[in-house]
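Me: I would like to go through the terms used for this structure and see what stands behind each one.

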Amino acid sequence: MPSGQSLTASAARGGAVTIVAQVARTIVLLVQVVVLARVIDPGTYGLLAMVVAFTGVAVILRDFGLSTAALRSAVLTHQQRTNLFWLNTGSGFVLGATIFTLAWPISAFYQEPELVTLVQWIAPTYLLSGITAQFRVSISQALRFRALAICDVVPPLAALVLAIPVATSGHALAALIVLQVTAPAADLLLAYFLARWRPGLPRRAEGMRGLMSFGLGFAATQLLSYVSRNIDSILIGRVWGANALGFYDRAYQLSVQPVNQINTPMTKVALPVLARVVDDRERFNGGLRSAQLVALYATATVLCIAAGLSAPLIDVFLGAAWAASAPIFAVLAIGSVFRAIQQIAIWLQVAKGTAGSLLVGNLIGQPVIIVAVLCGLPWGPIGVAIGSAIGYAVFWVFSVLWAGRNTGVDTKPLLSRAFRVVLLVGAPAGLSAFVVSTLVPAPSIVLLMLGTAAAAASLVISWASSSQTRSELGTLQRFLRAGLGHVSHS
């Protein structure tokens, strides 16, 4: 990055490219859900969800937080990155082999024999992801947002293209395996060829202790978060079976994964930029505010509207056979609002280098989510969804206050801004969409259009009646326009 380039310009450029890329990626993933849901039954999707709920923890253990440690480092030597590459690759190999051998215990836990083959096919993907990690970090740290966007969009598209003919030929489980294996393989190839870096041989290097210490602390935090994110799928699969989990999982994918598709790449943009100005309070706080505005006015507001349109959305995108997913989707979408706006607390603590604070905060807060999910389990998937939404709402408030306490940053404005935007902008739009889509007798596709129009009218009213909303939207517009301007001239 040129020395004279401001934080706002850097963040805006990365944010603009990231948003465009993630819109494209989200569309691809949505097409995956829409197309494959019509040829793959809920039970088969439930089998995949059972496996991923267990094996997904390997993603965290494979990386041990080292990618995040590298991202937040303003300066990373070639030897340090090389050493991290070999650590990621070695742990990916060990974890892949471990997951392969756990195929039989996982199958026995759920009492589903088909899981053995599914787990064994998925196991090698952890090695592929381990090899990929530092190539992606290299692209991110160089602020090469276009290359990063290619790595985000092309792999799921390639996976979809290969999976569709397999699914339509009647091999549902094989199609899901193709999806799981093709994406990380394509990601590795793209990251390798696009990264302007190649690893050497591992050697001793200064600074490794600090990188590994931060990485391990962050990985421990991710493990806690992983348990709270996946305890719902594990419990539903064990207690209610694959069919119920299939309905829950599709609702989850539509409501929660879009948040992940935004937060994960935005993290790769935000951390390297914030790391450069972590000691400049004004610029640092400005970066946090801009990032929060994106989450509030884009992600959170869209989720509120989606919750209001849950019934026609599920009918149009998944079909009548998936109607049981509609109320689950509505509740999970509301819970995802809190997931989206909680990310700012993570960025703040990671950028400030307080991995210990992040870990302790999760040790205190994550059990709240787990207990809430357990309380909802007797009522099936919908009860679990309600418990999860309540748990994440409580955890969001706690984590933002905790981050402020341990970084010296005043986070109360972050909380008050989020409450105001969600309650006065997002919630009214979602409620307007719900009322129209519920009371008007019309086909689902018409209800989607009418509900969206009602939500848009509500947003216009919010804009017209609040000078603060107009000011924040103006700030967000300038932020994104700056980013698009830098993209067009880069």
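Reply: Start with a rule: a salt bridge is a side-chain nitrogen of Lys or Arg within 4 Å of a carboxyl oxygen of Asp or Glu. Keep in mind that this is a predicted model.

Me: What makes aspartate 152 and arginine 136 a salt bridge?

Reply: Their side chains meet at 3.0 Å, N to O. The cut-off is 4 Å, so the pair counts as a salt bridge. Aspartate 152 belongs to helix 9 (residues 145–168) and arginine 136 to helix 8 (residues 125–141), so the pair ties together parts that are 16 residues apart in sequence.

Me: How many salt bridges does this rule give?

Reply: The count is five.

Me: Why is helix 17 called roughly antiparallel to helix 18?

Reply: The axes of helix 17 (residues 380–407) and helix 18 (residues 412–439) cross at roughly 150° and come within 9 Å. Angles over 145 degrees count as roughly antiparallel, and therefore the name applies to helix 17 and helix 18.

Me: Which residues meet there, and of what class are they?

Reply: From helix 17 come Trp396, Val397, Val400 and Leu401; from helix 18, Leu414, Leu415, Ala418 and Phe419. By class, this contact has eight nonpolar residues, no polar and no charged ones.

Me: What makes up the nonpolar surface patch?

Reply: Val368, Trp379, Ile382, Ile386, Ile390 and Val394 form this patch of about 550 Å². Patch residues must have over 30% relative accessible area. Helix 17 gives the most, with four residues, and valine 394 lies in helix 17.

Technical notes
Residues numbered from 1 in each chain as written. Predicted model: local features only at pLDDT ≥ 70, side-chain atom pairs only at ≥ 80, totals over all residues. Heavy atoms only, no water. Axes fitted to C-alpha atoms, helices over the stretch in contact; angles between N-to-C directions. Helix = DSSP H or I, 4+ residues; strand = E, 2+ residues; numbered from the N terminus. Parallel < 35°, antiparallel > 145°, perpendicular 65-115°, else oblique. Contact = heavy atoms within 4.5 Å. Nonpolar A, V, L, I, M, F, W, Y, C, P; charged D, E, K, R; others polar. Patch = residues over 30% accessible without salt bridge, like charges linked within 9 Å, V, L, I, M, F, W, Y side chains within 5 Å. Areas by Shrake-Rupley, 256 points an atom, 1.4 Å probe, with all protein chains shown as cover.
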